[in-house]
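I opened the model to look at its strands, helices and domains. These are my notes.

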Amino acid sequence: MKSSSFNHLLAPGRLGGLELPNRVLLPAMDMNLCSDGMITDGEIAHYTARAAGGAAMVITGSGAVAFPLGATSRHQPGLSDDRFIPGLTALADSVHAVGGRLCIQLCHHGKVAGVDTAEERPLLVPSVPVPRFALDALTDNPLAELLRLATATRGKTPTYRVADEDDLAWVIGQFADAAGRVQVAGCDAVEIHAAHGYLLSTFLSNAYNGRIDRWGGTAENRTRLTADVVGAVRRRVGSGFPIIVRINGEEFGIEGGIDAADAATLAPFVEAAGADAIHVSGNAHNPFADFTDGPLPSVVGRYRDLARAVKLAVHIPVIAVGRILPELADEMVAAGDCDFVSMGRQQLADPELVNKLSSGRRSEIRPCINCYVCVEQNFFDSPPRCAVNPALGHESLVSVTSNAVAIPRHVVVIGGGPAGLELGRLASLRGHRVTLLERNDRLGGTAWFSQLTTPANQPFVDWLQHEAIAAGVTVHLGTEATVDVVRALGPDVVVVATGARRGLPDVPGADLPHVHTGDDLRAMITGEGDLEGPLLTRVVLRAGRSLRITLDPERVRTLSKRWMPIGRDVIVVGGGLVGLELAEFFAERGRTVTVLESGAHLGLAMAMPRRWTAVRATAAHGVQLHRNAVVESIDPKYVTYRVGDERHTVSADDVVIASDVHADSSLAESLSQAGFDVRTIGDAAAIGYIEGAIHSAWALAEEL
Ligand SMILES: Cc1cc2nc3c(=O)[nH]c(=O)nc-3n(C[C@H](O)[C@H](O)[C@H](O)COP(=O)(O)O)c2cc1C
Ligand code: SF4
């Protein structure tokens, strides 16, 4: 990891009349913890934790200026009535008490105001027809998910109303009144939401605004509504109270949408209207297709150029966002691409991000793995969960897992994957003595292998290892945990975290040598474990292992592009999380890949935005994807499968089984029978991948 002092990022900055201690903001992220628009203790704990963690200012998830009208959820903050002021004051007081600053995001959700649809009010739009989008990605959503997707709208069909002059005057007034309440409540700033497909952004964009009156057409006309809102808010809050405006720097997947040049043309009108800063985000027209482009990009620094384009066009501070990691953030501020940086998911994963940077503890920051688990919950109108930080939405958990125990015990953890490492870390922090046994030559378990196909997992796998060791866990690599080995350690508690059992399907030919389980594959690609196969393969892999090349995921990723002991035609049986990731990995390395999924849906274990993108990306790599495809037999050169009544064969040099994954309690049972106090976590208890591993480790750490 590149070391940096983060001098630019940690330098004080000015935003309107506000002096801020550093350049890192928490961008708006719906917590969905409000009760009918009222701020709850859960919301307060969430934002206070991020303020205490050092963020210069926290911005709340979008608040509805006309709540419940124009609202997307009954769980978002309401700003339309004085009854909401005490909740905002409590939030502001709590954030201020830890030295933070609080900004409230103001929004009218326009064409996506789910509450309006649920209550059969037409959605406010600049013009009709409202551009539609394809729903074919929902093929991979089971009925239960489709029903949950309809929660906020109660499954009703939207109707639209073209905003007239009276509507727009009302909207402007609602924003001004809401901002007035925010100020009265003692908050420090407002952010006007003119991005992400909500009402103001649809006026800004040629793709949604087909008006030919003073509200559409030229850049000045399209900006008029946002500028009038800014002007009205400014008149209400006076000079010195910061007003941020969030805009799209690019709209993905729609013709005529905003691009960097258009954003740079619109921004000066926003500045002239009295805004103190512009926050440059991005948005995808079709959330079911392009959500990983916007508003939550998967590519690091995806909107850097957009921020720079706006920065060149205005004289007020620009805030950048979009999967920005600390090193890049520092570089962007230093380069003058932006003045402030928002880090969203990074601060969901670790609220202490800024404090760790400023105290020289960069490597201790728990990395976000870009898995989209958090935001998936927003699609269901629920509070976000974080795969790597179980305290998200349950901030009190932090103290439970770090509080010292009254009676320290000797905890022997078997398995050095995410569940074992995280349990070891937490138990050690609580004061237990922890010994961890790992049978392989490296820590990380299946997550180590997952870094090859999902590089975003790599920083997290590294973090788990060094944090467990830093917490005091004693690690024994290359150690098989037999009953005798465990007994010799004299544990008080034994934690089995040995992961899943990967089996073979019960079909003829499954025992042929070219049929591989995940474990075989791991050995083949990393040179780990007992090597089988042709002499040359074994020699090359042994050489790789002795040169320690196969311990470096980056090098394995690069070298496997040149050579890999896998034939040309690869069949992947199972189109879940692992199957899709492997399919893309092989396809990127020139293999002809076919995925056979016996169920009706692909990528089910992935959070939806990631799943939709993974399915599309895999297909774009030329992978043949077959749903409802049941394997009947495997022959040395081909696989026979059936879809409905139709039987097919497909050529196969290698067959990878990514389907038969089961929780595995066998070791736990034999240790229990031997008289140990045994607990089981992670995939050994229930298949849950990284999220299941980390959450089950936290749950057990609370108990120990
Ligand atoms: C759970 C979640 C909820 C979000 N809700 C909002 C919101 O209410 N308003 C908004 O402008 N952006 C929202 N966003 C987008 C973030 O503000 C941010 O722009 C985005 O996450 C990209 O930044 P990141 O890559 O640093 O996470 C949300 C993001 C997440 C993860
Ligand atoms: S749930 Fe996943 S994407 Fe969201 S913050 Fe946590 S690690 Fe990051």
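**Hairpins**

I began with strand β23 (residues 629-634) and strand β24 (residues 638-643), which pair antiparallel over five bridges. Strands are DSSP runs (E, at least two residues) and helices are too (H or I, at least four), numbered from the N terminus. I call two strands paired if DSSP finds at least two bridges between them. This is a predicted model, where local features need pLDDT of at least 70, side-chain atom pairs count only at pLDDT 80 or more, and totals for chains, interfaces and linings use all residues. Residues are numbered from 1 along each chain as its sequence is written, chains are lettered from A and ligands numbered from 1 in the order written, and side-chain values use heavy atoms, without hydrogens or water.

A hairpin of three residues links β23 to β24. I looked up Ala-629 and found Val-643 of β24 as its bridge partner. Val-643 also stands opposite Glu-646 in β25. I then followed β24 to β25 (residues 646-651): six bridges, antiparallel. Their hairpin has two residues between the strands, and Gly-644 takes a positive phi near 60° there.

**Open sheet**

I next traced an open sheet of five strands, ordered β16-β15-β14-β17-β28, with parallel pairing. Its edge strands are β16 (474-476) and β28 (678-680), each pairing on one side only. Neighbouring strands are turned by 20° on average, direction ignored. Angles run from 0 to 180 degrees between N-to-C directions, and axes are lines fitted to C-alpha atoms, for helices over the stretch in contact.

Helix α16 (residues 418-429) packs on this sheet, touching β14 (410-414), β15 and β17 (493-496). Its direction makes about 165° with that of β15. Contact means heavy atoms within 4.5 Å. I counted three bridges from β15 (residues 433-437) to β16, running parallel. Leu-437 has His-476 of β16 as its bridge partner.

**Helix pair**

I checked helix α7 (residues 219-237) against helix α8 (residues 260-272): their axes come within 9 Å and cross at roughly 50°. That angle makes α7 oblique to α8. Under 35 degrees is roughly parallel, over 145 roughly antiparallel, 65 to 115 roughly perpendicular, and the rest oblique. Residues in the contact include Thr-223 and Thr-226 of α7 and Leu-266 and Phe-269 of α8.

**Domains**

I noted domain 1 (13-379), domain 2 (397-500 + 663-703) and domain 3 (515-661). The bounds come from an automatic or database domain assignment. The C-alpha centres of domain 1 and domain 2 lie 39 Å apart. Ten residues of domain 1 are in contact with eleven of domain 2.
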